[in-house]
Amino acid sequence: MWSEEQNKIIQSKDAIMQVIAGAGSGKTATMIGLLEEREKQNKIPPEKTLVVTFTKKATNEFKERCLKKNLSHKYHISTFHSFCYHALKQYDRTKDWSKLKLLSESKKYQITKTLLEPYQWEIGGIPFSILWKHNGTVLRSLSETFYHEYTTSFQTWKETNRYFEFDDLIDSFLFFLQSEFAHEPKARWKSLIIDEFQDTDKIQLEIIKQMEFETVTVVGDDWQAIYGFRGATPKPFLEFTKHFPKAVQFKLSTNYRSTQSIIQKSLLPIKQNREKIPKNTIPKRKEKGSFSLIRCKKEVSTLESLWGQIQTKDPNSILLSRSNFRKNEWIQSGVPETQVMTIHSAKGLEFTTVVVDLCLGWSEELSSVDLEEERRILYVALSRAKDNLFVLINDVSDPSRLCDVLSEDFSLWNKIRNRTLRWTRLW
């Protein structure tokens, strides 16, 4: 049932494990197998085991798999934020967390607009999402005074009106772990399994260290670290053994999802990155699969005509875009909402036929850090495909545009391979 790599993880007696799991490598199934084995050995009580995921969908999937395997219902399975909220409600005596309200994005926008109104001429038309990116770098660059006055006023408003944000849960729980009551959650949970660890930020990493778990198993893929806008960075995963010197590394190399040709193409952008853990990707499937570049002439191509051509290849194709704005452009052009999504929302999913839009919507920031993350985002998009993969690229490339820089990976590869790919031109 289990591969040799999976069995090593499941049977391991190591207290600290780092599982480096590529796309489609069966990491969730392996973690379920690990819990099964621990229940058989009866050494780590389920009620003292915390399983952390990074999305509600992943949480529900993990719970469903445990249910199907008839595993204990005593595991605490939740997102990181939900765990912190649960712990704060139960153990933090300084606040009544059950009576605080979660601040919605629309409400935050209204309050932020009001608080920043005195600085509107200095800020100009810069969107709030840009102002707050990378811990408020843009707002700080305009004025450190503006930044500190705003953050102080905003925090005061939240406390006065009894609101909190998701990130407040993380910060508050880390602060709580410095209190005299920190021993209570530490005694409650002794074992940690954390999925998608590449999406962990520095504060979450510090919480894990402060909790002093007896066993820690982190699972992730630094190639799929795509939440830089939230402050997450692949550094905790890349440097895990520095934080936990006794950690033992394991790898899940077999890809059960995609055909060999799709795996080869999905690796093209990620090979350009320097900051990564090298690993082999071994295809399990023997089917050939299909891959096509679709070159789009800007002056004659329309989204409607492109989608019509795509539909002739597979009417159930899923189209992945880089931004919500670009996604809405496709929807307005007639693509059903069920067949188009952003790459971030597609993470963790898989589809028979995937179309990746590399024409528009990609970030134009070209720093080395931003470029490496954009390549990881592209890798996530490409690796969602099981059987068929289509990539839309501009017919004429502009080296100043990031989307064209990324598409060059495919164009150059095609030249090296002497036109072994099947090219399609739509207009």
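In the predicted model, the axes of helix α5 (residues 105-116) and helix α8 (144-161) come within 10 Å of each other and cross at roughly 130°. Helices here are DSSP runs of H or I with at least four residues and strands are runs of E with at least two, numbered from the N terminus. Axes are lines fitted to C-alpha atoms, for helices over the stretch in contact, and angles run from 0 to 180 degrees between N-to-C directions. The two helices α5 and α8 are therefore oblique to each other; angles under 35 degrees count as roughly parallel, over 145 as roughly antiparallel, 65 to 115 as roughly perpendicular and the rest as oblique. The crossing of α5 and α8 is right-handed, a term used if the near helix is turned clockwise from the far one by less than a right angle.

On the α5 side, the contact (heavy atoms within 4.5 Å) involves Lys-107, Lys-108, Ile-111, Thr-112, Leu-115 and Leu-116, which meet Tyr-150, Ser-153, Phe-154 and Trp-157 of α8. These residues divide into six nonpolar, two polar and two charged. Ala, Val, Leu, Ile, Met, Phe, Trp, Tyr, Cys and Pro count as nonpolar, Asp, Glu, Lys and Arg as charged, and the others, including Gly, as polar.

Helix α8 is also among the elements covering the buried residues of α9 (residues 166-176), together with α4 (80-91), β5, α10 (183-188) and α11 (202-211). The buried residues of α9 are Asp-168, Leu-169, Ile-170, Ser-172, Phe-173, Leu-174 and Phe-176, where buried means under 20% relative accessible area, exposed over 50% and partly exposed in between (1.4 Å probe, protein chains only).

Asn-70 is exposed, its relative accessible area being 69%.

Lys-40 belongs to helix α2 (residues 27-41) and is exposed, with a relative accessible area of 65%. Its C-alpha atom is separated by 53 Å from that of Val-138, 98 residues apart along the chain.

Residues are numbered from 1 along each chain as its sequence is written, and side-chain values use heavy atoms, with hydrogens and water left out. Because the model is predicted, local features need pLDDT of at least 70 and side-chain atom pairs count only at pLDDT 80 or more, whereas totals for chains, interfaces and linings use all residues.
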